Amino acid sequence: MQAITPQPVTLSLPALRRTLLRHYRRLSEASRRLRFMGGIKEEVLTQTANSASPNVMFGVKKDGAYRSILELHILQDGQAEIGLSVEDAYQGRGFGRALFQRGLSEAQARRLLSVDVHFSNAKAAIRKLCLELGGDMRVNGTDSMSRITL
């Protein structure tokens with residue numbers, strides 16, 4: 001099996017936003033619910049992509065497109081937030097794990113103190129990964145948040 005190496009997505013902001021929108025549109029309804037913690041209509045999906053400004057974005061490119069993307073948003077007081085999505089046909093191949101670990105490495109390199117990950121309780125893979133990495137898990141109804149101290 002070939003090693004998965006997430007690459008920085010270094011595009012102009014308009015091109016980055018178009019890349020995100022194309023990726024988001026390729027997610028199934030179920031994957032959109034997991035990524036955005038609920039149903040999301042096309043106009044909101046477009047608005048979300050068109051207003052995105054991650055500090056850093058990494059992707060795994062396969063078959064000519066980014067099939068998995070991690071967005072790292074640096075917040076205040078040494079904290080950051082990660083958004084992660086993997087297209088359905090590419091799930092279960094280690095893309096998400098490789099991206100998540102790359103995002104945490106980037107956060108550490110930037111001397112951040114912690115990374116928050118918000119996710120639906122239905123997203124078992126990210127829950128497992130957060131727990132493996134020592135994340136502090138908080139559950140609120142059908143949603144969870146994990147804070148990983150770096």
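Arg26 is partly exposed, because its relative accessible area is 33%; by the convention used here, buried means under 20% relative accessible area, exposed over 50%, and partly exposed in between, with a 1.4 Å probe and protein chains only. The model is predicted, so that local features need pLDDT of at least 70 and side-chain atom pairs count only at pLDDT 80 or more, while totals for chains, interfaces and linings use all residues. Residues are numbered from 1 along each chain as its sequence is written, and side-chain values use heavy atoms, with hydrogens and water left out.

The side chain of Arg26 meets that of Glu87 in a salt bridge, at 2.7 Å from N to O. A salt bridge is defined as a side-chain nitrogen of Lys or Arg within 4 Å of a carboxyl oxygen of Asp or Glu. The pair links distant parts of the chain, 61 residues apart: Arg26 belongs to helix 1 (residues 13-26), and Glu87 to the loop between strand 4 and helix 4. Helices (H or I, at least four residues) and strands (E, at least two) are DSSP runs, numbered from the N terminus. Glu87 counts as buried because its relative accessibility is 4%.

The structure holds eleven salt bridges. Another of them joins Arg33 and Glu29, with N and O 3.9 Å apart. These two residues are four apart in helix 2 (residues 29-36), and therefore about one helical turn separates them. Arg33 is partly exposed at 43% relative accessible area, and Glu29 is partly exposed at 39%.

A further salt bridge connects Arg110 with Glu106, whose closest N and O atoms are 2.7 Å apart. Glu106 is buried, at 14% relative accessible area, whereas Arg110 is partly exposed, at 39%. Elsewhere, salt bridges that share partners join Arg26, Arg67 and Glu87 into one network.

Arg110 is found in the loop between helix 4 and strand 5. Its C-alpha atom is separated by 9.1 Å from that of Gly78, 32 residues apart along the chain. When residues up to four places away in sequence are not counted, Arg110 touches Val56 and Ile74; contact means heavy atoms within 4.5 Å.

Attention now turns to helix 4. Its 15 residues (residues 95-109) should span 21 Å at 1.5 Å a residue, and its end C-alpha atoms are 21 Å apart, which agrees; the expected span of a helix is 1.5 Å times one less than its number of residues. The buried residues of helix 4 include Phe95, Gly96, Leu99, Phe100 and Glu106. Among the elements that cover the buried residues of helix 4 are strand 2 (56-62), strand 3 (65-74), strand 5 (114-120) and helix 5 (124-132). Helix 4 is followed by Arg111, whose phi is positive, near 60 degrees.

Strand 2 has five of its seven residues buried, so it is largely enclosed by the rest of the structure. Strand 1 (residues 7-8) runs antiparallel to strand 2, and two bridges join them; two strands pair if DSSP finds at least two bridges between them. In this pairing, Phe58 of strand 2 is the bridge partner of Pro8. Strand 2 also pairs with strand 3, in the antiparallel sense, over seven bridges. Lys62 has Ala65 in strand 3 as its bridge partner. The hairpin of strand 2 and strand 3 has two residues between the strands, and in this hairpin Asp63 takes a positive phi near 55 degrees.

Strand 7 contains Ser146. Ser146 counts as buried because its relative accessibility is 0%. Leaving aside neighbours within four places in sequence, Ser146 is in contact with residues including Val115, Val117, Phe119, Cys130 and Met137.

The largest pocket contains about 490 Å³ of space. On a 1 Å grid over the protein atoms alone, a pocket is an open set of points where a 1.4 Å probe fits, with protein on both sides within 12 Å along at least five of seven lines, and lining residues have an atom within 4 Å of a point. Grid points are joined across faces, edges and corners, and the volume is the space filled by probe spheres set on the points. The lining of the largest pocket has 22 residues, of which Val86, Gly96, Lys123, Ala125 and Ile126 lie nearest its centre. Helix 2, strand 4, helix 4 and helix 5 each supply at least two residues of this lining, and the largest share, five residues, comes from helix 5.
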